Amino acid sequence: RQAEAQERARVERETRAVQEASRAQAEREARRRMEEETARVQEQTRREFEAQERVRREAEQAAQRREAEAQREILAAQEEEYQASLRADQEREEAARKAAEAVERAEKEEE
């Protein structure tokens, strides 16, 4: 009888030890899966952030290019206006010079 009780106690201890080992293994496996999932989510989040940053930078660069092009167009228009104004001034000066010469010739002819 004592041998049976000892055997039963041994079997119960071994059963508990196996159950404890199984539970510990299940916890380690669950922790490993959780860490893998956390790492996967972090990597996905990082990739999404990088993609958003890339899109934001590209949009910013496109806006800067548009702004630079608009500035070039404004400068070109201002240069064109300046050149036209310069030509008009030169044409007025030439016309005034020719008129003065014509008056001078007319005065000489009258003498």
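Select Glu104: this residue sits in helix 1, residues 2-110. Helices are DSSP runs of H or I with at least four residues, strands are runs of E with at least two, and both are numbered from the N terminus. The model is predicted, so local features need pLDDT of at least 70 and side-chain atom pairs pLDDT 80 or more, while totals for chains, interfaces and linings use all residues. Residues are numbered from 1 along each chain as its sequence is written, and side-chain values use heavy atoms, without hydrogens and water.

Zoom out to the whole chain. It holds 1 helix and 0 strands. Its radius of gyration is 47 Å, well over the 13 Å of the globule rule for 111 residues, so the chain is more spread out than a compact globule. That radius is taken over C-alpha atoms; the rule is 2.2 Å times the number of residues to the power 0.38. The C-alpha trace spans about 165 × 10 × 5 Å along its principal axes.

Color by accessibility. Buried residues make up 2% of the 111. Buried means under 20% relative accessible area, exposed over 50%, partly exposed in between (1.4 Å probe, protein chains only).

Return to Glu104. It is partly exposed, at 46% relative accessible area. Next, pick Glu107, also in helix 1. Glu107 is partly exposed, at 47%.
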